[in-house]
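Here is a short tour of one protein model. Look at the structure first, then follow the sections below.

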Amino acid sequence: REDLWVREGKILNPEKLFFDEKGSADIQLDCKDSIIAPGFIDVQINGGFGVDFSLATDDFKSGIDLVSQKILSHGVTSFCPTLVTSPPSVYHQVLPQISVRNGGAHGAGILGAHLEGPFISKEKKGAHPEHCLRTFEAGAFQDLLATYGSLDCVRIVTLAPEMKRSSEVIRELTKRGICVSLGHSVANLSQAEEAVQHGATFITHLFNAMLPVSPKGTCTRAAFGYGMISDGIHTNPAALRIAHRAHPKGLVLVTDAIAGMGLAPGRHTLGQQVVEIDGLNTYIAGTKTLSGSVATMDTCVRHFQEATGCSVETALEAASLHPAQLLGIEHKKGTLNYDSDADFLVLDNSLYVQATYIAGKEVWRQDASGM
């Protein structure tokens, strides 16, 4: 029930302002009993609004700009554009066009790319094209560098830990400050634990494209996180509840959204594959293989709270504080603490976004017509 003070893009401790500067607010906004929450951070989003981050196009930059603009209305203030398994030529073309940048009126901030594959299991490839999958050969880390071309803007790499030589790759990536996530995997518990010992800190979309006995045992480890697609399709509400009870502080909500998010049902792309959208279901065309989601982050937050019965604060932290902790940026983002970035949302009591702020400036507001 307190005021939130903002100056020069940061959340301010008003004590200094009152007592040292004898100052007061230049502008006051009445939030009318709304909830103020940290901006949402989406660490796994493959595209949206007709844009596919895994397609090398001439206007890739305008595509990423469009998505970053459109997700503001869903409360996302920063994100990791995600590429699914692709041929090396796609990584070489796309990655140089992704640059880390602050958010603003132009759109949500970009925290770096999330590369999901191609070093994943054939058995658990999900929507990833089999002909593009790769294994680690003798110079494992060099293989990875040759595939991606550059790691300059890369923040997260999802790989299958049971692959030969994956340990040295995990060590090298971790050394460079890149988060290693385990996913699309048939790893057993000891393989998963070995990966954790070498520096892996996350599980990509828990309960999707993995063995039932796979790394979820490692979820209860401190400082270990796991992503969940809380869209009512990918994860059964009971599974959400189980995961949340087992390790609430590690749960990170992700959309895993594809190009079809925000568009009408029909045929769209996910990298090299054609997908069909039917309501909230997305399948590889002609199959029943789930392929990403079309849910927005605010929808995932509401569904998560409903499915688990958790507190509003817990639901909001799963989309803000926890992804910030995963990326090691919780001192700047994901909280309303003094000196952190003033990226925040105004929400109604049902957790619908009313307005989005980045660095203290309003970047989106719902108009009176509800648009």
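## A strand in the middle

In what sense do strand E7 and strand E9 pair, and over how many bridges? Strand E7 covers residues 76-84, and it pairs with E9 in the parallel sense over three bridges. Keep in mind that this is a predicted model. Valine 84 marks one point of this pairing: valine 84 stands opposite glutamate 116 in E9.

E9 pairs with strand E10 too. E10 spans residues 154-159, and these two strands run in the parallel sense over four bridges. Here alanine 113 stands opposite valine 154 in E10. Strands of a sheet pair through backbone hydrogen bonds, either parallel or antiparallel. Between E9 and E10 comes a helix. E9, helix H4 (residues 140-148) and E10 make a right-handed β-α-β unit.

Are the faces of E9 covered or open? Both faces are covered. Ala113 and Leu115 are buried on one side of the strand, and His114 and Glu116 are buried on the other.

Now follow the chain from E9 towards H4. Proline 118 lies in the loop between these two elements. The peptide bond from glycine 117 to proline 118 is cis, with omega near 10 degrees.

Aromatic rings come next. A pair of aromatic rings is described by the distance of the centres and the angle of the planes. The model has seven aromatic pairs. One of them joins phenylalanine 119 and phenylalanine 136, and it is stacked. The ring centres lie 4.4 Å apart, with 15 degrees between the planes. Phenylalanine 119 and phenylalanine 136 are 17 residues apart, and each is in the loop between E9 and H4.

Why does phenylalanine 119 count as buried? Its relative accessibility is 1%, and buried means under 20%. Phenylalanine 136 is buried too, because its relative accessible area is 3%.

## Aspartate 143 on the helix

Which residues does aspartate 143 contact, leaving aside its neighbours within four places in sequence? They are Phe119, Thr135, Phe136 and Glu137. Aspartate 143 is found in helix H4.

Alanine 295 gives a sense of scale. Aspartate 143 and alanine 295 are 152 residues apart in sequence. In space, their C-alpha atoms are 34 Å apart.

## A four-strand antiparallel sheet

Turn now to another sheet. It is open, has four strands in the order E3-E18-E19-E20, and shows antiparallel pairing. Its edge strands are E3 (35-38) and E20 (361-365), and each pairs on one side only. Neighbouring strands of this sheet are turned by 25 degrees against each other on average, direction ignored.

E19 and E20 pair in the antiparallel sense over four bridges. Within that pairing, isoleucine 358 stands opposite lysine 361 in E20.

Phenylalanine 344 and tyrosine 357 are stacked, 4.7 Å centre to centre, with 10 degrees between the planes. Phenylalanine 344 is in strand E18 (residues 344-347), while tyrosine 357 is in strand E19 (residues 353-358). The two residues are 13 places apart in the chain. Phenylalanine 344 and tyrosine 357 are both buried.

The charged end of arginine 302 sits over the ring of tyrosine 352, 3.7 Å from its centre.

## Two aspartates with positive phi

Two loop residues deserve a look. Phi of aspartate 256 is near 55 degrees, a positive value in a residue other than glycine. Aspartate 256 lies in the loop between strand E14 (251-253) and strand E15 (266-270). Phi of aspartate 339 is positive as well, near 75 degrees. Aspartate 339 has its place in the loop between helix H10 (321-326) and E18.

Is aspartate 339 buried or exposed? At 59% relative accessibility, aspartate 339 counts as exposed, because the cut-off for exposed is over 50%. Aspartate 256, in turn, is buried, with a relative accessible area of 6%.

Notes: Residues numbered from 1 in each chain as written. Predicted model: local features only at pLDDT ≥ 70, side-chain atom pairs only at ≥ 80, totals over all residues. Heavy atoms only, no water. Buried < 20%, exposed > 50% of the residue type's maximum accessible area, 1.4 Å probe, protein only. Pairing = 2+ DSSP bridges. Right-handed = clockwise from strand over helix to strand, strands pointing away. Phe/Tyr/Trp six-rings, centres within 6.5 Å; stacked < 30°, edge-to-face > 60°. Lys NZ or Arg CZ within 6 Å of the ring centre and 35° of its normal. Axes fitted to C-alpha atoms, helices over the stretch in contact; angles between N-to-C directions. Contact = heavy atoms within 4.5 Å.
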